[in-house]
Amino acid sequence: MPKKILIQGGSVVGGPSGPCDLLIEYDRIAAIAPSIAADDAEIVDAAGMLVAPGFVDTHRHIWQTGIRGVAADWSLVEYIRFIRLGYATAYRPEDVWISNYTGSLEALDAGITTVCDFCHIVRTPDHADAGLEGLSAAGIRAQFYYGFYDVPTDPPYFADHAARVAHARHFFDTRLAARTGGSLVSLGAALTEVNLISIEDSGNEIAVARDFDLPITAHTGTLSTPDSVSKLRRAGLLGPRMLHVHCNASSDDELKMIADSGGSLSVTPETELQMGMGIPVTNRALAVGLQPTLGIDIVSDYSGDMFAQMRIALQTARAVDNQKILDAGKMPATIGLKVADAFAFATINGARAIGLEDSIGSLEVGKQADIILVRQDGIHHAPRAEDPLASLVLQARPSDIDSVFVAGVARKRAGRLVGVDLEAVRAKAEASAEHLRAGFTRAIAEQSGGDATRSAYASELARATGETAR
């Protein structure tokens, strides 16, 4: 990469008003000022563009990129049955690799520079390796969360939960030793949902992560786990560096427990609203001191861009606040949450939640140069919004992303991904999808034929629906 890059004449979100320059030296922001002299720098003309920190996606199952759109009309119960007991059974390591690679490119294309990959498709050790390698190949900043989930495999690769935990320990031991200080992909642990396994086994999963000083993430307060926070606390397992996802069924007291423990929260508003999880907990979280972050969750359902999640999260939270006033027979005189709040959910809050607030999430001298340039020359920007944040949060589209830099390296320029053979990627993704569709058909036929499903997800479905999972 060039030693210096001067982004010239853009409107820096959070910076000085009016046209401004931003200087990148190697992987960091070296200066932000109305005018910067740098004759030895590569010049990037950002006139008329917004210059902003890259988005931070705190919850995404990137392996599901290969089955894009299949969950468009599904509830959470259907998702469990058809994804975890269906499509997941067909994934080969090469399917995980191309999904993670393609999904990471999609994220970069939409201005997401950091992603938390909740990889619960670890059917075999090779599946874990493939997920990690797919992220690394794309050049995105990522946290790869190894999933302890019991993915149905016939015959089972891991004999029992203890064998899976042992592999996770080996995976972390060997991969951490091989990582370098300059690697953009770090490691973490994705827990099996509390109630699917014993609290002792949950403790064993958490112990592995803590032995290696790794961050932890978990689906919390959904489906069969409404009291999962309380259970973790009673067992002495609740603590910092734990990123809790969803929490729709969690009580206010449980949200306060997360805040008091030093944990964090990822809200995924689009899946939560569609799949019957409940109203996103944005308002309740803020009330107890939790700063919400945003996750895309699954492109097996909807689009992988952060603009949609910011808007849905913001307007849903506003509606919840407004309804309280309407129920009292009055009209809201003002709006509580602002566009700046939604922007924070998608940037600095996410960085803080994953322990990277000193490196990413805002444009400040000394921070990593994870930067997006957003065009404002489309008809949907005519005339341009006076407030840059209003333009970015409520007017912009993914197609407006002109350039994306991660650690000072251009991953997208002039509207196109850099160094990517898109046709070759598409061909591999389509071939993988064809294999996965055939595997799903077989899996559903086997379920309909009455074959017992080994996975604990069958019990989860039975608890959720009151029926025996097929």
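Visitor: Which elements each supply at least two residues of the lining of the second largest cavity?
Guide: Helix H5 (199-211), strand E10 (216-220) and helix H6 (228-234) do. Helices (H or I, at least four residues) and strands (E, at least two) are DSSP runs, numbered from the N terminus. The largest share, 3 residues, comes from E10. This is a predicted model, where local features need pLDDT of at least 70 and side-chain atom pairs pLDDT 80 or more, while totals for chains, interfaces and linings use all residues. Residues are numbered from 1 along each chain as its sequence is written, and side-chain values use heavy atoms, without hydrogens and water.

Visitor: Why is Asn 195 called partly exposed?
Guide: Buried means under 20% relative accessible area, exposed over 50%, and partly exposed in between (1.4 Å probe, protein chains only). Asn 195 has 23% relative accessibility, so it counts as partly exposed. Asn 195 lies in the loop between strand E9 (185-190) and H5.

Visitor: What makes the pairing of the side chains of Asn 195 and Lys 231 a polar contact?
Guide: A polar contact is a pair of N or O atoms within 3.5 Å; within protein, one must be able to donate a hydrogen and the other to accept it, and residues adjacent in sequence count only if both atoms are side-chain atoms. The two side chains make such a contact at 2.6 Å.
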